[in-house]
Amino acid sequence: MQPASRSYDPHPSYGPVAGQVIAGWPAAVAALPAGPLVLSVDGPAAADWDALAEGLAAALRSAGWDADLLDVRGHYAPSAAERLSARPVPEHDRFFTPLSEAQAADLFDAVPRPVKPVDGGVVVVVFGPGAALCEPDVLWYADLPKRYAEAAVAHEDLPVGVNLGRPGEPGDLVRLFYTDWPVQDRHRDAIARRVDRWIDLQDAHAPASLDGAALRRTLAHLARGPVRTRPYFNSTPWGGRWAASELGFTPQAGNTALGYELIAPEAGVLIGERSGAHVEVPFQLLCVLHPEDMLGREVHRRFGTSFPIRFDYLDTMGGGNLSLHCHPQERYMREVFGWPYTQHETYYVTAGAPGSKVLLGLTEHADLDTMRRQVEDAIADGTPMPVEDHVQAHPARVGQLFMIPAGTPHASGAGNLVLEVSATPYLYSLRFYDWLRKDANGASRPLPYEHGFANLDATRRGEDVTKDLIQQPRTLRAGEGWREEVIGALPEMFYAVHRLVVAPGAEIADDTAGRFHILNLAAGQGAVIETADGRTHFLAFAETLTVPAAVGAYRVRSVGSDEVCVVKALVVEP
């Protein structure tokens, strides 16, 4: 029987395994063991720690406990912020810093050691980033999804305390991305196996939470079946409105520019029954706790626990051109920014207005000295840059994939919905030109063009761009009512992009063969993914789904009266 089609789901969720998501501080407190005890509550710097301490203490006292509070932020070393920072390369770079390799322990000269109370009615509550280091009897992790910290800094909603080790200073995005998040993620991953309760602080006064053992059982289950992360959209000065009009997202600042379908360092998985409370858990924990199930043995060997491919949307439908930019080449990414692999990208055109374009690759006679001078004139004097003198413009036809290896100048033009199928690094846009555009505050966006020119690949230009980077589909295999095409692959890129084309009423068999797949429904009403162990997962138009390596054999069955096109990405070179 064919399942009914449904529309895009902005809140996909999964029920916990042998556990229940509960709501509120009193419910969490009721699950504590008998005292006396030391309870540590760890989590990111951007959490509302004052509200947490107030709510938790009140719930403890209502339950008959005496609560002694210890805020570890008051015990950070005076030089904590400096200890966490990686050395900027080159010096005084205001755009980027290398990824920090510091540990949470570097916040302290000496980690505080609270004395366990003798009285059975007393709980010592140690809270703040790094609290897990205080050797507690019970460990809770209170998480706030990263999008909250990023939005708070960008909109100055939390003027102080967002960055690690800087409790009285204004929030800083560069520090958040390249220092705080690597340190916080490393610490969270190291303690994940011993967390006794996971707390979702999206409402600090009434948080949802899940027992740690149930959390780990649930993640073990999800790591062996299709799973979808919670999507969201950010706004930018160039953003369009397709996701608002077609998917029902409410834009933050009038547009839905950046659609976070699956960007592993920020993605979350919602756990909870459909009609009840939910906790949002970092997708990355699936890779940390179950790397071979999620990634596959060979991919894990190369990338560790980093999930190396991302899917996101660039929405310029009703918006403007993206900035002209490129991304760091392999050696530069590793030696200057500290990320072990580079930022190759592809654009798949999901929807487009008539006449829309993608800018990609140098023209045959592009002169980089002239280009640099015009970039500098645009910055200094506001002189418009004749972009198409240097970079080719190509028709943005729906269903076309554009390959963008590191170092290639590119931009999606106005009037496109582009599915970006890319390597996971996503914070290194080396912009040359932004069309003299201003942000909401009247300021120009930062243009780190020196980094851009240091990475620009001048060897692929002219006809070679069309031949190498705008590939025609090649049928890999076919059967009655279905085919699998290779729509993009290059020797220098570690992943390939395929397309499954399935006629109405037909299905196609596939197999992860020990390496994860990512699927996106780029055309059609819907598809059902069926695994060999009997799990099923519906995929609506524009949704993205991860098929872990452990799934093995699975089938994709079309739903509805239209042909289904599924964009598939996979690692091809270990």
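Start by selecting Thr-179, which sits in helix α5. Helices (H or I, at least four residues) and strands (E, at least two) are DSSP runs, numbered from the N terminus. Before going on, note that this is a predicted model, where local features need pLDDT of at least 70, side-chain atom pairs count only at pLDDT 80 or more, and totals for chains, interfaces and linings use all residues. Residues are numbered from 1 along each chain as its sequence is written, and side-chain values use heavy atoms, with hydrogens and water left out.

Is Thr-179 buried or exposed? Its relative accessibility is 3%, so Thr-179 counts as buried. Buried means under 20% relative accessible area, exposed over 50%, and partly exposed in between (1.4 Å probe, protein chains only). Now show its contacts, meaning heavy atoms within 4.5 Å. Setting aside neighbours within four places in sequence, Thr-179 is in contact with Leu-84, Ser-85, Thr-97, Ser-100 and Val-174.

Next, select α4 (residues 146-155) along with α5 (residues 173-191). Their axes come within 11 Å and cross at roughly 155°. Axes are lines fitted to C-alpha atoms, for helices over the stretch in contact, and angles run from 0 to 180 degrees between N-to-C directions. α4 and α5 are therefore roughly antiparallel to each other, a term for angles over 145 degrees. Which residues make the contact? From α4 come Lys-146, Ala-149, Glu-150 and Val-153. From α5 come Leu-173, Leu-176, Phe-177, Trp-181 and Asp-185. Colour them by type: six are nonpolar, none polar and three charged. Here Ala, Val, Leu, Ile, Met, Phe, Trp, Tyr, Cys and Pro count as nonpolar, Asp, Glu, Lys and Arg as charged, and the others, Gly among them, as polar.

Move to helix α11 (residues 330-337). Met-333, Val-336 and Phe-337 are buried there. They cover an arc of only 100° around the axis, which puts them on the same side of α11. That arc is taken from the directions from the helix axis to the C-beta atoms. An α-helix has 3.6 residues a turn, so residues three or four places apart point the same way. Turn to the face away from the buried side: Arg-331 and Glu-335 are exposed there. Then step to Gly-338, which follows α11 and has a positive phi, near 85°.

Last stop: Glu-530, in strand β27 (residues 526-531). Not counting residues up to four places away in sequence, Glu-530 touches Arg-535, Thr-536, Tyr-554, Arg-555 and Arg-557. Finally, select His-300: its C-alpha atom and that of Glu-530 are separated by 25 Å, with the two residues 230 apart along the chain.

Notes. Angles under 35 degrees count as roughly parallel, over 145 as roughly antiparallel, 65 to 115 as roughly perpendicular and the rest as oblique.
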